[in-house]
Amino acid sequence: MAAHNWWLTTERLGLRRFTGEDLDFLAALYADPEVTRHLGGTRDRAQTEELLNTRILAYYEAHPGLGIWMTIERATGRRIGFHLLNHIQGEDIVQVGYALDQPAWGRGYGTEMARAVLRYGFVDLGLPRISAMANLDNYASQHVLQKIGLRRNGERAFPHPAYAAAGPMAWFERDRDDWLAEQADRRE
């Protein structure tokens with residue numbers, strides 16, 4: 001994928017908007033029970049297409065600057081998953097998150113791009129607070145969320161059907177001013 005399609009890059013990764021042509025990749029990602037173990041379980045192709053059309057493609061126009069974006073390995077152009085900065089369904093809360101296909105696990109990709117997305121949310125968008133959630137037994141994602149600068153703040157459950165079955169989830173959040181002050185301290 002040409003670099004001009006990436007709107008956010010890190011040393012190894014690039015983000016771009018999803019298109020309808022990404023359905024095959026997304027359907028394969030959501031068909032993998034290991035990948036979706038902490039995403040509410042697998043989805044069939046029709047469910048994934050509905051997700052792509054409503055939660056991803058239509059969301060871009062409804063919420064400028066926010067969304068779910070395809071994560072690309074810059075050196076190879078390979079699609080490896082997605083990163084997001086969007087509203088928790090049924091809430092006004094903006095969350096950061098990600099999902100990667102299995103070959104991309106253990107390489108630090110989740111942390112690398114999630115850190116850049118968090119920075120984008122605070123610096124470029126000026127969001128006052130960004131949150132995240134992870135299943136209580138998803139220790140790897142909880143570790144990533146702490147590494148990027150979020151703070152664990154107990155547990156929360158959400159009534160929306162996308163989350164209700166998971167029950168209480170590990171809850172993370174960070175205020176922009178606090179995060180910016182910490183970044184300034186690191187540069188001194």
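Reply: The largest pocket

The lining of the largest pocket is made up of 24 nonpolar, 16 polar and six charged residues. Here Ala, Val, Leu, Ile, Met, Phe, Trp, Tyr, Cys and Pro count as nonpolar, Asp, Glu, Lys and Arg as charged, and the others, Gly among them, as polar. The model is predicted: local features need pLDDT of at least 70 and side-chain atom pairs pLDDT 80 or more, while totals for chains, interfaces and linings use all residues. Residues are numbered from 1 along each chain as its sequence is written, and side-chain values use heavy atoms, with hydrogens and water left out.

The pocket holds about 1,200 Å³ of space. A pocket is an open set of points on a 1 Å grid over the protein atoms alone where a 1.4 Å probe fits, with protein on both sides within 12 Å along at least five of seven lines; lining residues have an atom within 4 Å of a point. Points are joined across faces, edges and corners, and the volume is the space filled by probe spheres set on them.

In total, 46 residues line this pocket, and H38, L39, Y98, A99 and N138 lie nearest its centre. Helices (H or I, at least four residues) and strands (E, at least two) are DSSP runs, numbered from the N terminus. Helices α2 (45–62), α3, α4 and α5 (161–164) each supply at least two lining residues, as do strands β4 (78–87), β5 and β6. The largest share, six residues, comes from β5.

H38 deserves a separate look. This residue sits in the loop between α1 (23–31) and α2. H38 counts as buried because its relative accessibility is 19%, and buried means under 20% relative accessible area, exposed over 50% and partly exposed in between (1.4 Å probe, protein chains only). Apart from neighbours within four places in sequence, H38 is in contact (heavy atoms within 4.5 Å) with N135, D137 and N138.

Next comes α4, one of the helices that supply the lining. In α4 (residues 139–147), S141, Q142, V144 and L145 are buried. Seen down the axis of α4, these buried residues fall within an arc of 160 degrees, so they line one face of the helix; the arc is that of the directions from the helix axis to the C-beta atoms. As background, an α-helix has 3.6 residues a turn, so residues three or four places apart point the same way. Y139 and A140, on the other side of α4, are exposed. The cover over the buried residues of α4 includes β5 (94–100), α3, β6 (129–135), β7 (151–156) and β8 (169–175). Just after α4, G149 takes a positive phi of about 115 degrees.

V96 ties several of these pieces together. Leaving aside neighbours within four places in sequence, V96 is in contact with L84, L85, A114, V117, I130, S131, A132, L145, I148 and L150.

For comparison, the second largest pocket has a volume of about 190 Å³. Its lining consists of 13 residues, with R115, A116, R119, W179 and Q183 nearest the centre.
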